[in-house]
Amino acid sequence: MDDRVTNPLPQLVPQRLRNARQRCQAAQWSRSEELAVQGGPVNPAAVPLAEARRQKLAAVKPNSFFGKAGNSWESRWFRLDVPAPRAGEKGRRQLEWACDGEATAWIDGQPWAGLDGPHPTCPLPDRACTVWIDCGCWCTGIWHGNSKPIGAHGLRFEGARLKVRDEDAWGALWDLDVLLQAVEQQLKDASLGGPGSFGHIAPHDTCSPLTRQLLHAIDQALDVFDRDGLRALRRALAEVYRRFPAESWQPRASLVGHSHIDLVWLWPESATESKGVHTVATTLRLMEKYPEFSYAMSQPALYRALERLAPGQAAEVRRRIRQGRWQVIGGFEVEPDNNLPSGEALARSLAEGQAKTAALAGHPSPVCWIPDVFGYSAMLPQILRLGGISSFYTTKMTWSAITRFPYNSFVWRGADGSEVLTHLCPNGYVSDVNLGELVGAARNHRQADVHPDVLVCEGFGDGGGGITEYMCERVRRLGDLAGAPRAGWELPEAFFERLDAIRGELPAYQGELYLEYHRGTYTTQGRYKLAYRLAERGLQVHEAVRAALGAGAVDAHDWQRVAFAQFHDAIPGSSIALVYQQLTPELQSIHDRHAAAAITQLRLAGAGTGVQVFNPLPFARTAVVELPAGAEPGGLHQTVGSGRARRTLALAQLAPLASAPPGARTPVVPATAAANLLDNGLVRAVFDRSGRLARLSVAGEDLLLDGPADLRLYADHPAQFDAWDIDHAALRNP
C-alpha cells in the first residue's frame, strides 16, 4: 500500500499554523507560583527606594484597587520575596506582575526591569531575592493594546506570580509566529486573504511557487508536532527556515532598537523621568540575553534625569556605550519643535546636547534624530552643519494628509547651501518587528534602486517600555527568510555611513519640510509661548552683557531648561494643562532672573550715568527707545501721546555689545498715531470706520491688495485631534 500523502487543500494550512501557534503559547509556562505582596501608601509624588524602605507596608490581596480614577501621577511601592530556583529552572524564571500602571522592578537597590502592557513579565535572577516595585498610578502606553486606562476605582492589582518558562514551547511559538506572518503576507500579495476562523477559504488555484512550497513544508512540520511533540517540532521548523533563505535581491531592513519617549505630552515631566528609568531597565536586561541587540536613545535631557535618579543604571548605560551596543543620538538637548524657537535658542539646544553627547559617547552625534515634530524649518540644515551634524532622520513627513513627500533618502539643502544627508522612513516611530510593516517599508522606499536599505524604528514608545523579548526573537528569524527584507539590529551612525557612500546618486531637496498636519498647535497656549520667548530673551541679553564685560557664560542649567521647553509637545501647545501650569512659571522666572542680573551687572560695571541703552546684538544698530518717566532726554527726542499716554521717545546709536545714552544727532523718525492711521515713516497702516485694516504699505509699497482685512471667527470642529488640527472645511465657515 502506498503511504504517501499529499495535502490537496493547502488553503487550510494557515489555519492549522495559527492553531499550532496558539498551542505553543498556551504551553509556554511549565510552572506558576503565586507570590505574597506587601504594599506601602500611595504617594502624591515619586519617592526614592530609600524612603520607600522606611514606609509602613501591609499585605496586598489580589483583585484589590488603589489610587484614584484616571491618571493621577501618584505612585506606590510594593515588596515581594522570590525563592531560590528549583532544579532545572535556572535561566527560565519570570516575574509576572498583573497590575494596571507603569511599574519598574528594583533588585539590590538598582532598577531591574520595566513592567507594563507590552512587558507583563520580566526575567528573575537565578537566586533568592527581594523585589521592590515602583508602580506609577498612570497608564499612558497608548501604542499597545494591553495598556488599559485607569478605571473609576483606581488601579487594579490582580496578583504577582513566579512563572517558569518552557523553552521549547517559547522557541516554537516565535518560529511559528514569523512563519505565520510570512504566509499571511504572501496570501495578501496574491489577493487570497488570510485564514478565517470559519466559513469559506479561497482555494490556492494561483499563487507563487514560494507560497506552495512553504505551506507544504510547514504542513509537514506540523505533522511532526502532532506525532512527536515540541522538541521534534523545533528541529523540523529549523529545517524549514534553512530551506527558505531570503532572495539575493531582498533589501536590508536596518532595525533601530528605540523607544520614542515624549518628555511631556499626556503626562508631566515627573512621569517622563519614571518612564526613562522604566524603559532603560528593560533595555539593559534584554542586552544580557540577546548579544546581537543594540539600542539608540536620543535626548540628553533623559540621560541627565537617569544620572540623577538612578546613577548605577546610568553607569551601566555608559558601559554599553563603550561596547558599541548603545548609541547616543540626536544632537539636540531634546527632540525640539524647530519652527517656534529662535535660531540662536535652537543652536544653544544643539550646543548643550552635543556637549552632553560627547561626554557620554566620546564624540558629538553626527545624526539628528527628530522622528516626531510638526514640520521642519528650512534653516535646520545650516544649524545642524554648524553643530557638527551631517545626517538627519525622521518619519513624520509620512503623516502629510494630501501631498506625499517625494523622497525617502535624499540630500536636504538649506537656504545657505548647507546640506545634510536625510532618510525619511516610510513607517512610523512605534513598531514591533512586524513582517508586514517591514515589507511595506521596503516597497515604499523610493530610493531602494540605489540604496536597498531602510532604517526602521522598533519598540513601543512612551509608557510601552521600548523593545520586548518577542521583538528580539522575531529579528533572529527575519534575518534570512524568503519573501522578507533581511532584518537585523543596526545603529543609526552605521546606516548613514553606508548611505553616504552613494550620496551622489541621491536626489536633492531644498526648502522647508512642511507637514500637512497638526498645524493648529501653533495657535494654542499663548501664555506659554510668550513665557518661552521672554526666557530666550532674558538669557540672550544676560549672556551678551557678560560677554561685553568679559565675564563667563551663564549657568548652563537655565539654557537646558529653555531647551527642554522647546520639546515638540511642549511649545507647540499639544500637552495637557498640567504641563503648562508647571513649565510656564519656570520660564517666567528664568526671564526675570536673567533680565534683572543683566541690569545689575551693567550698573556695577559703571556703564555710563543716567539712562543707558545696551545693545545685546553683535552688530551696530540704531534703536528708538522709550525713556522712563521723569528721565531727562538728551539729544533729539520726540514726545507722543497726551495725558497718561504721554511718552518720550529718543534715538540711541549703539555699537555691538555696548552701552550708550539715548539721544543722538540723527533725528527721530516722526511717528503718527491717529484714529485711523499708524505711520512711523516706514510702515503705514490705514483703517476704515469699522476698524478694519484698509491699507498697509512698507517703504511705499502696498501689501494689502485684496481689500480690507478684518478679524473673523471660525467654527473649530476638526475631524480628529482637537486643539491640534485646523481642517480646511473650517476656513469655509466663518
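Let's start with arginine 692. If we set aside its neighbours within four places in sequence, arginine 692 is in contact with Val686, Phe687, Pro708, Ala709 and Asp710. Where does arginine 692 lie? You'll find arginine 692 in the loop between β29, residues 683-687, and β30, residues 693-698. Take alanine 709 from that contact list: arginine 692 and alanine 709 are 17 residues apart along the chain, yet their C-alpha atoms are separated by 5.7 Å. Is arginine 692 buried, partly exposed or exposed? Its relative accessible area is 32%, so arginine 692 counts as partly exposed.

Before I go on, please keep in mind that this is a predicted model.

Now let's step back to the whole protein. There are 16 helices and 31 strands in its secondary structure. Along the principal axes, the C-alpha atoms fill a box of roughly 115 × 65 × 50 Å. Of the 734 residues, 51% are buried. The protein exposes about 32,900 Å², and carbon and sulfur atoms supply 53% of that. What about contacts between residues with a separation of 6 or more? Residues 24 or more positions apart account for 75% of those. As for charges, there are 76 positive and 80 negative ones, and their mean positions are 3 Å apart.

Next, the inside. How many residues does the largest nonpolar core have? It has 121, and the residues with the most contacts inside it are Leu179, Leu233, Leu255, Phe293, Trp326 and Leu478. Helix α3, residues 167-189, gives this core its largest share, 12 residues. Let's zoom in on leucine 478. Not counting residues up to four places away in sequence, leucine 478 touches Val178, Val433, Leu435, Leu438, Ala484, Pro485, Arg486 and Ala487. There is also a second, separate core of 30 residues, with Leu80, Ala113, Leu124 and Ile133 among them.

Helix α4 runs over residues 209-228, which makes 20 residues. From first C-alpha to last, α4 reaches 29 Å, close to the 28 Å expected at 1.5 Å a residue. Which residues of α4 are buried? They include Leu214, Leu215, Ile218, Leu222 and Phe225, along with Asp219. The buried residues of α4 are covered by elements including α1 (13-26), α3 and α5 (230-243). After α4 comes glycine 229, with a positive phi near 95 degrees.

The other helix is α16, residues 577-604. Helix α16 has 28 residues and reaches 41 Å from its first C-alpha to its last, close to the 40 Å expected at 1.5 Å a residue. Among its buried residues are Tyr580, Leu583, Leu587, Ile590, His591, His594 and Leu602. What covers the buried residues of α16? The cover includes α6 (269-289), α14 (526-548) and α15 (556-565), together with β22 (613-614) and β26 (659-660).

Tryptophan 73 sits in the loop between β4 (64-66) and β5 (75-82). Why does tryptophan 73 count as buried? The cut-off for buried is under 20% relative accessible area, and tryptophan 73 counts as buried because its relative accessibility is 15%. Serine 191 has its place in the loop between α3 and α4. Is serine 191 buried or exposed? With a relative accessible area of 67%, serine 191 is exposed.

I'll finish with threonine 521, in the loop between β21 (508-510) and α14. Its relative accessible area is 0%, so threonine 521 is buried. What is threonine 521 in contact with, leaving aside neighbours within four places in sequence? The list is Phe374, Lys529, Pro572, Gly573, Ser574, Ala723 and Trp724. And here is a distance to find on the screen: threonine 521 and asparagine 7 are 514 residues apart in sequence and 58 Å apart in space, C-alpha to C-alpha.

Notes:
Residues are numbered from 1 along each chain as its sequence is written. This is a predicted model: local features need pLDDT of at least 70, side-chain atom pairs count only at pLDDT 80 or more; totals for chains, interfaces and linings use all residues. Side-chain values use heavy atoms; hydrogens and water are left out. Helices (H or I, at least four residues) and strands (E, at least two) are DSSP runs, numbered from the N terminus. Buried means under 20% relative accessible area, exposed over 50%, partly exposed in between (1.4 Å probe, protein chains only). Contact means heavy atoms within 4.5 Å. Accessible areas come from the Shrake-Rupley method with a 1.4 Å probe; for residues, only the protein chains shown count as cover. Lys and Arg count as positive and Asp and Glu as negative; His and the chain ends are not counted. The place of a charge is taken as NZ of Lys, CZ of Arg, CG of Asp or CD of Glu. The expected span of a helix is 1.5 Å times one less than its number of residues. A nonpolar core is a set of buried Ala, Val, Leu, Ile, Met, Phe, Trp, Tyr and Cys residues joined through side-chain atoms within 4.5 Å.
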